[in-house]
Amino acid sequence: MESIRSLVADKPVVVFSKSSCCMSHSIQTLISGFGAKMTVYELDQLSNGKEIEKALVQMGCKPSVPAVFIGEQLIGGANQVMTLQVKNQLAALLRRAGAIWV
C-alpha cells in the first residue's frame with residue numbers, strides 16, 4: 001500500500017488501469033473530458049503491476065481496475081466515478097484537487 005501512496009503523491013488524478021479494460025478507458029475519457037491532468041498507470045505494462053493490483057484489491061478495489069484517486073484519496077472504480085458524475089459532483093472534486101481550474 002505504501003507503493004500506491006508514493007505513486008499517487010502530489011498528483012491531482014491517478015487512474016490505475018489495464019490497457020485492455022474498456023471501463024478503464026471510459027473513465028479516462030470521462031475525466032479527460034473535463035480537461036483534467038491525469039496520470040495513468042497501465043498495470044499490465046508495469047513490471048510490478050501484479051503487486052500493485054494486489055494492493056489495490058486489499059484497499060477495497062473490486063474489480064481492481066479502474067481504480068481512481070483524486071487528490072490522493074481513493075474514489076473507487078467505475079461505478080463510484082460514474083455516480084459522482086451523475087450527481088454532478090465529479091467536476092467539483094476535480095477542482096478541489098487542482099486537476100481543473102474552471
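Predicted model: local features only at pLDDT ≥ 70, side-chain atom pairs only at ≥ 80, totals over all residues.
With a relative accessible area of 39%, Glu72 is partly exposed. The two strands on either side form a hairpin with 2 residues between them, and Gly71 in the turn likewise has a positive phi, of about 60°.

Strand β4, which covers residues 73-76, pairs with β3 in the antiparallel sense over 3 bridges. Within this pairing, Ile70 stands opposite Gln73 of β4.

## The largest nonpolar core

Ile70 is also one of the residues with the most contacts inside the largest nonpolar core, a group of 17 residues in which Val13, Ile31, Val68, Leu90 and Leu94 are likewise listed for their contacts. At least two residues of this core come from each of β1 (13-17), α2 (22-32), β3 (67-70), α4 (78-86) and α5 (90-96), and α5 gives the most, with 4 residues. Apart from this core lies another, of 14 residues, among them Ile4, Cys21, Tyr41 and Ala55.

Ile31, when residues up to four places away in sequence are not counted, touches Val13, Val15, Ala36, Met38, Val68 and Leu94. Val13 lies in strand β1 and counts as buried, at 0% relative accessibility; leaving aside its neighbours within four places in sequence, Val13 is in contact with Ile31, Lys37, Met38, Thr39, Phe69, Ile70, Leu94 and Ala99. Between Val13 and Gln80, which are 67 residues apart in sequence, the C-alpha to C-alpha separation is 15 Å.

## Helix α4 and its two sides

Helix α4 has buried residues at Ala78, Val81 and Leu84. Seen down the helix axis, the buried residues of α4 fall within an arc of 130°, so they line one face of the helix. The cover over these buried residues includes α2, β3, β4 and α5.

On the other side of α4, by contrast, Asn79 and Val86 are exposed. After the helix comes Asn88, whose phi is positive, near 60°.

When residues up to four places away in sequence are not counted, Glu53 touches Lys18, Leu43 and Ser64.

## Cysteines

How many disulfides does the model contain? The count comes to 0. Cys21 is in no disulfide, and the nearest cysteine sulfur, that of Cys22, is 5.7 Å away. For Cys61 the closest cysteine sulfur is in Cys21, at 12 Å, which is too far for a bond. Cys61 counts as buried, at 5% relative accessibility.

Most residues other than glycine have a negative phi, and most peptide bonds are trans. Against that background, the loop between α3 and β3 deserves a careful look in the structure. Pro63 is found in this loop, and a cis peptide bond, with omega of about 0°, joins Lys62 to Pro63. Pro66 lies in the loop between α3 and β3 too, and the bond joining Val65 and Pro66 is also cis, with omega of about -5°.

Asp10, in the loop between α1 (2-8) and β1, has a phi near 65°, a positive value in a residue other than glycine.

Note on methods
Residues numbered from 1 in each chain as written. Heavy atoms only, no water. Core = buried A, V, L, I, M, F, W, Y, C linked by side-chain atoms within 4.5 Å. Buried < 20%, exposed > 50% of the residue type's maximum accessible area, 1.4 Å probe, protein only. Contact = heavy atoms within 4.5 Å. Pairing = 2+ DSSP bridges. Arc of directions from axis to C-beta. Disulfide = S-S within 2.5 Å.
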